[in-house]
Amino acid sequence: MKKLFTLLLFLPLFATSQTTHNVSVFGGGTGNPSPSYDPQFLTIDVGDEVTWTNTQGKHNVYGQQDIFPNNPEGFSSGVPAFAPWTYSFTFTIPGVYGYHCTQSSHSQTQ
């Protein structure tokens, strides 16, 4: 009976699973839509992964604490780079996170 109780005690930990959220990164340049992340806002759980996929233009994902000091931890895809690329980050600390693109003037819409 003791083994069964231990298993039932830990079952909720195994019942929850990580979710991957996908964010499209695109826009910018002459004749293209404004630089954007789609979706712009996400609600995620601790342990969830967000994958950003750049399909158009020169962008990055920047959420380091030098610009976003209230982020519980920093994250960054590096310097802006032309498509195509993907970047994934798993959020392990609860809180509200901000991020933007550091490419020239993109932070206004991205």
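Four strands form an open sheet in the order β2-β1-β3-β6, and their pairing is mixed; strands here are DSSP runs of E with at least two residues, numbered from the N terminus, and two strands pair if DSSP finds at least two bridges between them. The edge strands are β2 and β6, each of which pairs on one side only. On average, neighbouring strands of this sheet are turned by 20° against each other, with direction ignored, where the axes are lines fitted to C-alpha atoms and angles run from 0 to 180 degrees between N-to-C directions.

This is a predicted model, in which local features need pLDDT of at least 70 and side-chain atom pairs count only at pLDDT 80 or more, while totals for chains, interfaces and linings use all residues. Residues are numbered from 1 along each chain as its sequence is written, and side-chain values use heavy atoms, with hydrogens and water left out.

**Strand pairing and the faces of β1**

- Strands β1 and β3 pair in the parallel sense over six bridges, and within this pairing asparagine 22 stands opposite threonine 51 in β3.
- Strands β1 and β2 pair in the antiparallel sense over three bridges; the bridge partner of serine 24 in β2 is aspartate 38, and that of phenylalanine 26 is serine 36.

**The nonpolar core**

- The largest nonpolar core has 13 residues, and those with the most contacts inside it are Tyr37, Trp52, Val61, Phe75, Tyr87 and Phe91; such a core is a set of buried Ala, Val, Leu, Ile, Met, Phe, Trp, Tyr and Cys residues joined through side-chain atoms within 4.5 Å.
- Strands β1, β3 and β6 each supply at least two residues of this core, and β6 gives the most to it, with three residues.
- Leaving aside neighbours within four places in sequence, valine 61 is in contact (heavy atoms within 4.5 Å) with Tyr37, Trp52, Phe75, Ser76, Ser77, Trp85, Tyr87, Tyr99 and His100.

**Aromatic pairs**

- The structure holds 10 aromatic pairs, where rings of Phe, Tyr and Trp (its six-membered ring) pair if their centres lie within 6.5 Å, and planes under 30 degrees apart count as stacked, over 60 as edge-to-face and the rest as tilted.
- Tryptophan 52 and tyrosine 87 form a stacked pair, at 5.5 Å centre to centre and with 20° between the planes.
- Because tryptophan 52 lies in strand β3 and tyrosine 87 in strand β6, this pair ties together parts that are 35 residues apart in sequence.
- Both partners count as buried, tryptophan 52 at 1% relative accessibility and tyrosine 87 at 14%.
- Phenylalanine 91 and tyrosine 97 form an edge-to-face pair, at 4.8 Å centre to centre and with 75° between the planes, and phenylalanine 91 is buried, with a relative accessible area of 6%.
- Ring pairs link Tyr37, Trp52, Phe75, Tyr87, Phe89, Phe91, Tyr97 and Tyr99 into a cluster.

**Histidine 100**

- Histidine 100 lies in the segment after β6 and is buried, with a relative accessible area of 15%.
- Not counting residues up to four places away in sequence, histidine 100 touches Tyr37, Asn60, Val61, Tyr62, Ile67, Phe68, Ser107 and Gln110.
- One of these residues, phenylalanine 68, is 32 residues apart from histidine 100 in sequence and 9.6 Å apart in space, taken from C-alpha to C-alpha.

**Backbone details**

- A cis peptide bond, with omega about 5°, joins aspartate 38 and proline 39, and proline 39 lies in the loop between β2 (36–38) and β3 (49–54).
- The peptide bond from alanine 83 to proline 84 is also cis, with omega near 5°, and proline 84 lies in the loop between β5 (81–82) and β6 (85–90).
- Serine 105, found in the segment after β6, has a phi near 65°, which is a positive value in a residue other than glycine.

Conventions
Buried means under 20% relative accessible area, exposed over 50%, partly exposed in between (1.4 Å probe, protein chains only).
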